[in-house]
Amino acid sequence: MPKTFSLLCVCVLLSVPALTVVAAGAADEDASAAEPAADMSMGAYNEAPMLAAMVADGELPPVDERMPLEPAVAYFAADDEIGTYGGTLTVFHTSINPWADLGYETEIGGYVIRANPDTNALEPLLARAAEMSDDAMSVTFYLREGTKWSDGHPMTADDYVFMYEDAHWNDKVTTWNWIPQIKRAIKVDDYTVRFETDEPYHALLAKHASPPGGGWQVFHPFHYLKKWHISHNPDADALAKEEGFDTWDEAFNHHFFWAPQQDLEQPTHHPWILTERTNTGKRFERNPYYWKVDPAGNQLPYVDHIQAQIVDSETYHLKIIAGESDFAVLGTRFDNFTLYKENEAAGDYRVVQIPAPVVGASVLIPNQFHEDPFTREMYRDVRFRRALSLAMNRDEINELVFFGVGVPRSATIVSTNPYFKQEWEQAWAQHDPDAASALLDELGLTARDEDGFRTGPDGEAFLQILEHSNEADVPVLELYKEHFEAVGLKTEIRLRGDLWQRHNAGTDNIYTGTISSAEFREYTDAAKATEYDSGFYAVNWGLWIRATRDLESGAKTLDDFADGKIPGEEPPDIVKELDDAVLAWGSSAYGSPEYIEAFQKVFDIHAEQLFLIGSVGVTPNLGVFKNRVANYPTFYKPEATWPGDLLTSADKLFIKQP
Amino acid sequence: MLSYIVQRILYMMVLLVLLSFVSFVLIELPPGDFLDNLIQQLRNAGVQVDVEQIRDLEERYGLNLPFMQRYLKWFGNLLRGDMGESFAYNQPVTELIGQRLLLTVTISLLTLVLTYAIAIPIGIYSATHQYSFTDYAATAFGFIGLATPNFLLALILMYIVFKYFGWSVGGLFSPEFEFSPWNLAKLVDLLKHLPIPLIVVGTAGTAGLIRVMRAALLDELRKQYVLTGRAKGLEEGRLLFKYPLRIAINPIVSSVGWLLPAIISGETLTALVLGLPTVGPLLLQAQQGQDMYLAGSLVMLLSALAMMGMLISDLMLVLVDPRIRFAREATA
C-alpha cells in the first residue's frame with residue numbers, strides 16, 4: 001500500500017530514504033505565506049486587463065472558469081515581486097529552433113512536479129499531487145481538475161496516456177525526453193494517471209521534475225491531434241493525402257512537431273501561445289487558460305506578448321548592447337562579458353552572473369579504442385591520462401578564458417552535491433609540468449624529434465588530436481595545445497561536425513566537449529549517471545557491459561546479438577567495478593546508505609582513473625536583462641539540467657511601470 | 001539567331017545536369033550530415049539522444065539511403081520543379097526562398113541602380129577630365145572602395161549609426177514592425193534600415209565600375225574616329241555620347257547578366273553582418289548546417305541564373321554593339 005500523507009514535504013537534503021508523496025499542501029503554504037492578496041474572496045482570481053476586456057465582450061469565459069479548481073501557485077523567491085499586467089517583451093533568437101530566449105514555442109510553464117528551491121523538496125506543479133509506490137515501480141499523478149488547454153478544452157489523463165502510447169512509443173513519431181523505464185501508461189480516471197515500470201526505478205518520481213515531466217513539448221493535446229493519428233482515426237492516411245502528405249505519420253508530425261512548430265493552431269498549456277511565425281520572427285500572446293497564479297491570486301503570466309526576431313548570432317550581441325533585447329540568457333557568451341558590461345548603463349540593462357552546474361568546459365576524453373595500437377596503449381595507460389591532466393594550467397585557462405570566475409577542477413560532480421568530496425575536485429588537477437614530463441618519460445616517451453616533441457615508435461612526433469564540434473571550445477583548446485606542447489606532446493586542434501557520431505563509433509582521437517548537464521543537487525541522478533558510465537566515455541566497453549548484464553539476467557541470449565557474439569569489448573576490471581557502482585547508484589533510493597556508498601565509489605574511481613579530464617567548471621551563465629524587467633532568473637533550480645531551465649519561471653516576468 | 005539561342009539553351013541543360021551532380025557531391029563532402037548538427041544542438045540543449053532515435057531520424061530524413069539514390073531522388077524532384085524540403089526549417093525550399101526573394105531583389109536592384117547612377121557619370125567625367133583634381137579624387141575614392149572589405153565597412157557604419165544616430169541596427173525592420181502590416185510607420189522603419197546595406201553593398205560595386213568605365217572610355221577617346229569627328233567639328237557632347245561611350249559601355253553590358261545570380265542571392269557576407277533576411281545567409285546557413293536539399297537547390301538555382309545571365313549578356317551585346325551583330329550575320 002502506498003503511503004499517502006498530505007502536507008508532506010520530503011526534504012532530500014535530510015536524506016529521507018524514500019521519496020514517496022508529493023501533495024498539494026506545499027503549494028498552498030506558498031500562497032498563505034505571501035502577502036495577503038488584494039481580493040481572493042471565494043477564489044476570485046485576478047486577470048489581465050486584456051483578458052478582462054475579452055470576458056466583458058463575451059469572447060472568453062470568466063477567469064475562475066478558465067482555471068483549475070485549485071490553480072498552481074508559482075514559486076516566488078524572497079526578492080521576487082507581485083507584478084503588474086501588460087506589455088510586450090522583445091527578445092532575439094539566433095535560429096528558427098525553439099531552444100532560445102523565451103522561445104520553446106513557448107514552453108516555460110514548468111513540469112508536472114518541481115523541486116522547491118528553498119527546501120529542495122519535490123512538490124506538485126501541473127499535477128495536484130503525485131505518489132510513487134514503495135517498490136519504486138509505479139508513479140501516480142493526480143491532475144488538477146479544470147486544467148485546460150489554450151483552446152479551453154480540458155487537459156486530462158488522456159493527454160498523458162496519449163503522450164506515451166501514441167507519441168513516445170510510436171516509431172513513426174519523433175519525440176524526445178521520455179523515461180525509457182516506463183513501460184505502461186494507465187488512465188485510472190479522467191484526472192488520475194499511473195506510469196509503471198518493469199523494474200524498480202528510484203528516480204521515477206524525481207525525473208518528472210525535469211523535461212520528461214512536461215518540458216520540451218512533451219505534453220500534447222490529444223483531442224486536437226487524434227484525427228491525424230492512425231491509432232485513433234482509421235482514415236488518417238486519407239486525411240493526410242487530402243492535406244498533401246504521403247502518409248499519416250507525415251501529417252501527424254507536421255501538426256505535432258515543434259522544432260520549429262508548423263501548426264500554429266495546436267493548443268498548448270504553456271503561458272504564451274505562438275500566434276505568428278515566419279523565418280525571421282515569432283510572436284507570442286498570453287494563454288488565457290494558463291493554470292498558474294502568483295501568491296496574490298493573479299493569473300499568470302503578467303506579460304501580454306513576446307516578440308522574437310531571428311538574427312545572426314553576432315547581431316544578437318549587438319542587439320543586447322544596443323539595449324533592444326529585454327531578456328537574453330541562452331545566446332550570451334562569456335567572452336563577451338566586458339562588452340556587455342561596458343554598455344550596461346547606455347543600454348539600460350543589467351548583466352547577471354548565474355552560477356551554472358558545469359562539470360567542466362572542454363572536457364577531454366581520450367579514445368580508449370584508438371585504431372593506432374601505440375596511441376591506444378598510451379590512452380589506456382592511466383599514467384598518460386594523469387600526465388595530460390598535470391600538464392594543464394587550469395588557473396591560466398580560468399584567468400584567460402573565464403575572467404577568473406570559474407573553478408579549476410577535475411571532471412567530477414559539482415560541489416553543491418551533498419555527497420561531494422573535495423578531493424575529487426583536486427585529483428590530478430594541479431599544474432605540475434615536471435611531474436607530467438616524468439610520467440611521460442616513465443611511459444618510454446623519451447625520444448624527441450628536432451622540434452623537441454616526443455616521438456612514437458615510428459619516429460614521428462606523437463600527435464595529440466583534440467577534436468571539437470563547437471567553436472566556443474577553441475580558446476580553451478588553444479591553451480591545452482600550449483600546455484601539452486610544453487611537456488613535449490605535439491598537439492593539433494580539429495573541428496569535426498560529426499564528432500558525436502565519431503565518439504560513439506570509437507573512431508575519434510581525443511573528444512572534447514563541455515559537460516554541463518549534471519545537476520547541482522542531483523535530483524534525476526540515475527539518468528545523469530550515464531555521463532559517468534562507460535557507455536558515455538568508452539562506448540565499446542559500455543556495449544559489452546550492457547550485453548553481459550542482459551545475458552546474465554536472461555533478458556537476452558547470444559542469438560539476440562549480431563553474429564551471436566557479445567558486442568563491444570571486454571573492459572578492464574576497474575571499469576567493471578565502476579559501472580557496477582554506477583548501476584547501484586542509479587537503482588538505490590536517494591540518500592540511502594547503499595546510494596551514498598555507490599555514488600562515492602563512482603567518483604573515487606573517476607578521480608583516480610581520469611577517463612574524463614576536466615579543466616575549469618562551474619562557470620556562470622550570463623543573463624542580460626533590461627532594467628525594466630523584473631522577476632528575472634538569478635539561479636538554477638535544483639532540478640535544472642541545462643540553461644533552458646532558467647526559462648521555466650518566465651511566467652512571472654513583468655515589466656515595471658516607469 | 002534563334003538557332004543560336006536554342007543551341008545555347010541545350011548546352012546549358014547538359015551543363016546543369018553535370019552541375020547538379022558536382023554541387024551535390026560538394027555538399028556531401030564535409031564529414032557528417034544534418035543529423036550530426038542537430039544532435040550537437042540537442043546535446044548542447046541538454047538532451048540525451050540515443051542511437052535508436054538517431055536511426056529513426058535518419059530514416060525520416062532519408063539519410064540512410066545510399067548517395068546515388070539520394071541524388072537521383074533529389075534531381076528527379078528538381079526536374080518536376082520540387083526543390084525538396086529543408087531539414088532545418090521543415091518547409092519546402094521553394095517557400096523558403098520565396099519568403100526572402102522580394103526583399104533580396106529589392107535591395108539588390110536598389111543597390112544596382114544606385115551603383116550605376118553614381119559610377120557611370122563619375123567614370124565618364126574621370127575619363128574626359130583625365131588627371132584633373134576630380135579625376136584623382138574619384139580614383140582615390142575608387143581604390144579605397146575597392147580595398148575596403150565590405151563586412152568591415154558594414155561594421156564601422158553600423159557602429160557609427162548606432163552610436164551617433166541611435167537607430168536600431170541589424171536587420172531590415174525593428175522588432176515591433178516584424179509582424180505589423182505595411183503602413184507608413186513600417187515603411188519609415190524600413191527606410192531607416194536601408195541606407196547601410198545600400199551604401200555597403202554599393203561601395204565596392206561603384207568603385208569597381210568607375211574604374212572600368214574610365215578605362216574603357218579612355219581607350220576609345222584616343223582612337224582615330226574620335227579625332228576625326230572632333231576635327232570635322234562635331235559638337236563635343238554629341239561626339240562623346242554618340243560614339244565612344246556606346247562602345248565603352250560594352251564591358252558593363254557584358255557583365256550585367258552575371259549580376260542575375262547576385263541579385264537573387266544578395267551579398268552574403270554583408271547580409272550576414274547586417275543581419276539582413278536575404279537569400280545569401282540562407283545559403284550559408286544551409287551549408288553550415290548541412291541542410292542538403294536546401295543548399296543543393298539554392299546552388300542549382302544560382303547556377304541556372306548565372307548561365308541565363310551569361311546568355312542574356314551575350315544577347316544584349318548583340319543588340320548594343322553592331323559590330324558583333326554584323327560579324328555574326330556575316331558568318332551565318
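1. Let's start with one residue. Ala127(A) touches Val112(A), Ile113(A), Phe141(A), Tyr142(A), Leu143(A) and Arg144(A), leaving aside residues up to four places away in sequence. Here two residues are in contact if their C-beta atoms, placed from the backbone, lie within 7 Å.

2. A quick word on what you're looking at: this is a predicted model, in which local features need pLDDT of at least 70 and side-chain atom pairs count only at pLDDT 80 or more, while totals for chains, interfaces and linings use all residues. Residues are numbered from 1 along each chain as its sequence is written, with chains lettered from A and ligands numbered from 1 in the order in which they are written.

3. Ala127(A) turns up again in the largest nonpolar core, which has 218 residues; Leu102(A), Ala127(A) and Ala387(A) have the most contacts inside it. (A nonpolar core is a set of buried Ala, Val, Leu, Ile, Met, Phe, Trp, Tyr and Cys residues joined through C-beta atoms within 7 Å; buried is 20 or more other C-beta atoms within 10 Å of a residue's own, exposed is 12 or fewer, and partly exposed is in between.) Helix 17 (residues 292–320) of chain B gives the most to this core, eight residues. Helices (H or I, at least four residues) and strands (E, at least two) are DSSP runs, numbered from the N terminus.

4. Apart from that core lies another, of 14 residues, including Ala138(B) and Ile210(B).

5. Now the domains of chain A: the assignment gives domain 1 (76–109 + 270–354 + 622–658) and domain 2 (360–617). Such bounds come from an automatic or database domain assignment. The C-alpha centres of domain 1 and domain 2 of chain A are 36 Å apart.

6. Have a look at helix 11 (residues 382–391) and helix 14 (residues 433–442) of chain A, which pack at an angle of about 160° with axes 8 Å apart. Axes are lines fitted to C-alpha atoms, for helices over the stretch in contact, and angles run from 0 to 180 degrees between N-to-C directions. That makes helix 11 of chain A roughly antiparallel to helix 14 of chain A (an angle over 145 degrees). Ala387(A) of helix 11 and Leu439(A) of helix 14 are among the residues making the contact.

7. Between the chains, 34 residues of chain B are in contact with 36 residues of chain A. Helix 2 of chain B supplies the largest share of chain B's side, six residues.

8. Finally, chain B itself has 18 helices and two strands. Buried residues make up 34% of its 332 residues.

Conventions: Angles under 35 degrees count as roughly parallel, over 145 as roughly antiparallel, 65 to 115 as roughly perpendicular and the rest as oblique.
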